[in-house]
Amino acid sequence: MATPVGRIEKEFLFKALYDEKLPIVYVKDRTEHTLRLNDPAGEELVLRPDKSLGKLKNQSKLVLLFNYRGQVIDFNVTVLAHKEELIYCKAPDTLYKNLDRNYLRVDAPSDIKILFTFRGDRYNLAFPKIHEYENVAAEDLVRNLDHKNLSGLIKQITGMLSNFADGYRIINFKDKKPETPEEKIVSETGKTLFIPSTVGFLPKTDPYPKKRIITEELFKRYLETTGIGKTFLEENIARFLKNKFEDGIYSDAWIPILFHEYVIGYIHIWIDKQGKLPFDFSILDNVYQYAKVLAFALKENGYFDHGKVENEPFAGKVLDISASGLLFACPLGASLLSTLLVDAELTVTIEAPNRTINVVGKVVRRFKDKSAGYFGCRFMNMAPEDTRFLFEHLYGRQIDASDTEFLTGQV
């Protein structure tokens, strides 16, 4: 992920740009331009291009990139004036390093049209909704579980749960809306409430790369949304755990059942016999897999068919594009916003003169402001000939050996 550069490092990099006369890359109308700092950087940057850029409008934005000793840095500037072959810009607030895109972003050329279509099925369901996307695919499932026979599957799962849990429940939010604190926090976060021991603490950290656990910090943030003041958070957590212990629960876990962006229910397991080993992460991994199989089985048995939504191509406003991905925007009122989640996949159709490219675009980041939602998509497994064509169409030149380092990243 792109990392903002700190203030001291930013000053150092701008000094190096000027002292070493390092080239800054800017692409306009499929032409790559080289700019250099004409004066030391201050509140303004004065840039001298290697060839005419034409007239730049005041307040226009430039996306710039430079390489400092193998580290690629990019930043955006706003043009204040363009006169006597010099470009006067407001100095950027932030530089970014550790870029996770593979080449410089440019404005989408006017002669290409870009359309998006959701891959796979989309649903509009009456279940709690979260801001993440859970892909449910057959290849990810435990092989010894029969997802075709729903009642038989539930018997299989409950039989396996009884091997390590004293008690268990499988709850469907279609029949029961979230009511208890445990149900509410699981349904609002889509994460597992894991209490290894009710005489201990909530987990401080989440060991999973794609976060699955309600940590102590996340639990505190949830309590704050219920109106509990910061000075009372520790006390409330202690009381929460103590009440469980006094109710005879010694180890506890609530694992959500996820389908796309919905929490359709949960699997609750607990230990109520003293002296028994508490749950650990290996048990959570097993139950997490059971939950995935259950969600897949419900889908295969038509449980969600009533909420299926027709997939129609849509045209987002493409803000910039590179050889590896793009950034597009949708108005805040668009119904798509709640479905365009990180890890969701789209078919991206790029219609250019003499060629149409169809490629999978994976949403890798999303953010919003007062007017729109923004989505960064990474192109997945684009055919080499399509990559070459798109590169040449965007940058106005052929790929050469110097571009190889850029063709291994992400959007």
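This is a predicted model: local features need pLDDT of at least 70, side-chain atom pairs count only at pLDDT 80 or more; totals for chains, interfaces and linings use all residues.
# Exercises on pockets, cores and strands

The largest pocket holds about 630 Å³ of space.

**Exercise 1. The largest pocket**

Describe the lining of the largest pocket: how many residues form it, and which elements give two or more of them?

Solution. Step 1: count the lining. There are 25 residues, and Y26, K61, L62, V63 and D107 lie nearest the centre of the pocket.
Step 1: assign elements. Two or more lining residues come from each of β2 (24-28), β5 (61-68), β6 (71-83) and β16.
Step 2: sort by class. The lining has 12 nonpolar, 4 polar and 9 charged residues.

**Exercise 2. The second largest pocket**

Step 1: at least two lining residues each are supplied by β11 (129-134), β14 and α6.
Step 2: by class, the lining splits into 10 nonpolar, 4 polar and 9 charged residues.

**Exercise 3. The cavities**

How many cavities of 30 Å³ or more are there, and which residues line the largest cavity?

Solution. Step 1: the count is 2 cavities of 30 Å³ or more.
Step 1: the largest cavity contains about 70 Å³ of space.
Step 2: its lining consists of F118, R119, D121, R122, Y123, Y133, H260, E261, T339, A344 and E345. Among the elements, β10 (122-123) and β14 give two or more residues to this lining.
Step 3: the lining residues of the largest cavity comprise 4 nonpolar, 2 polar and 5 charged.

**Exercise 4. The nonpolar cores**

Which residues have the most contacts inside the largest nonpolar core, and which element gives the most residues to it?

Solution. Step 1: this core has 56 residues, and F164, L193, F219, I264, I269 and F279 have the most contacts inside it.
Step 1: the elements that give two or more residues are α2 (150-161), α3 (181-189), β13 (193-195), α4 (216-225), α5 (233-246), β14 (251-271) and α6 (281-300). The most come from β14, with 13 residues.
Step 2: take F279 as an example. Leaving out residues up to four places away in sequence, F279 touches F164, A165, F194, P196, S251, D252, A253, I269, W270 and I271.
Step 3: look for another core. A second, separate core has 32 residues, including V27, F116, C377 and M382.

**Exercise 5. Strand β17**

Why is strand β17 (residues 325-331) described as largely enclosed, and which strands does β17 join through bridges?

Solution. Step 1: apply the cut-off for burial, which is under 20% relative accessible area. Of the 7 residues of β17, 6 are buried, so the strand is largely enclosed by the rest of the structure.
Step 1: find the partner that precedes it. Strand β16 (residues 317-321) is joined to β17 by 4 bridges, and the two run antiparallel. One of these pairs K317 with A329 in β17. Between β16 and β17 lie 3 residues, and the two strands form a hairpin.
Step 2: find the other partner. Strand β20 (residues 372-380) is joined to β17 by 7 bridges, again antiparallel. Here P331 has A372 in β20 as its bridge partner.

How values were computed
Residues are numbered from 1 along each chain as its sequence is written. Side-chain values use heavy atoms; hydrogens and water are left out. A nonpolar core is a set of buried Ala, Val, Leu, Ile, Met, Phe, Trp, Tyr and Cys residues joined through side-chain atoms within 4.5 Å. Buried means under 20% relative accessible area, exposed over 50%, partly exposed in between (1.4 Å probe, protein chains only). Contact means heavy atoms within 4.5 Å. On a 1 Å grid over the protein atoms alone, a cavity is a set of points where a 1.4 Å probe fits but cannot get out, and a pocket is an open set with protein on both sides within 12 Å along at least five of seven lines; lining residues have an atom within 4 Å of a point. Grid points are joined across faces, edges and corners, and a volume is the space filled by probe spheres set on the points. Ala, Val, Leu, Ile, Met, Phe, Trp, Tyr, Cys and Pro count as nonpolar, Asp, Glu, Lys and Arg as charged, and the others, Gly among them, as polar. Two strands pair if DSSP finds at least two bridges between them.
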